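User: Could you take a close look at the aromatic side chains in this one for me? I'd enjoy a connected walk through how the rings pair up.

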Amino acid sequence: MLLLQKLQNSTDETLSAIAKKSIKEVSYHFRFSSDWMKRLGDGTEESHAKVQEAVNNLWTYTDELFHNLDSDNEIITQGVGVDLSELKDSYYEKVKEVLTDATLVIPE
């Protein structure tokens, strides 16, 4: 969702149009998945334990979402792409909010 919000400003008209059209759909999926995280995290002991284990197992990989490759840097300078590192703080802020609402512990 954060990526698409930024891609709306792309100098590539097609990419910008796709991003603008996709925001509504991605927003729906964000709400849907957030609701399930809350249901499972705040549900039974078993559902809480399973979703917490999943978060713990996947957490270490999330930082990789924000590493730019050389090819990314090239399209960023052209105004086509997005600097992924700029999305990192907003991403973790949104995830922290969902996990906190779901009574889940944020891994270190």
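Analyst: The protein carries 11 positive and 20 negative side chains, and the centres of these two sets are 9 Å apart; Lys and Arg count as positive, Asp and Glu as negative, with His and the chain ends not counted, and each charge is placed at NZ of Lys, CZ of Arg, CG of Asp or CD of Glu. Please keep in mind that this is a predicted model, where local features need pLDDT of at least 70, side-chain atom pairs count only at pLDDT 80 or more, and totals for chains, interfaces and linings use all residues. Residues are numbered from 1 along each chain as its sequence is written, and side-chain values use heavy atoms, leaving out hydrogens and water.

Now to the rings: the whole structure holds five aromatic pairs (Phe, Tyr or six-membered Trp rings with centres within 6.5 Å; planes under 30 degrees apart are stacked, over 60 edge-to-face, the rest tilted). Tyrosine 28 and phenylalanine 32 are stacked, because their ring centres lie 6.0 Å apart with planes at 25°. Both sit in helix H2 (residues 13-41), four residues apart, or about one helical turn; helices here are DSSP runs of H or I with at least four residues. Tyrosine 28 is partly exposed at 40% relative accessibility, and phenylalanine 32 is partly exposed at 44% (buried is under 20%, exposed over 50%, partly exposed in between, with a 1.4 Å probe and protein chains only).

Phenylalanine 66 and tyrosine 92 make a tilted pair, 5.8 Å between centres and 50° between planes. Phenylalanine 66 lies in the loop between helix H3 (45-59) and helix H4 (70-77), and tyrosine 92 in helix H5 (residues 88-101), so the pair ties together parts 26 residues apart in sequence. Phenylalanine 66 is buried at 9%, whereas tyrosine 92 is partly exposed at 22%.

Terms used. Helices (H or I, at least four residues) and strands (E, at least two) are DSSP runs, numbered from the N terminus.
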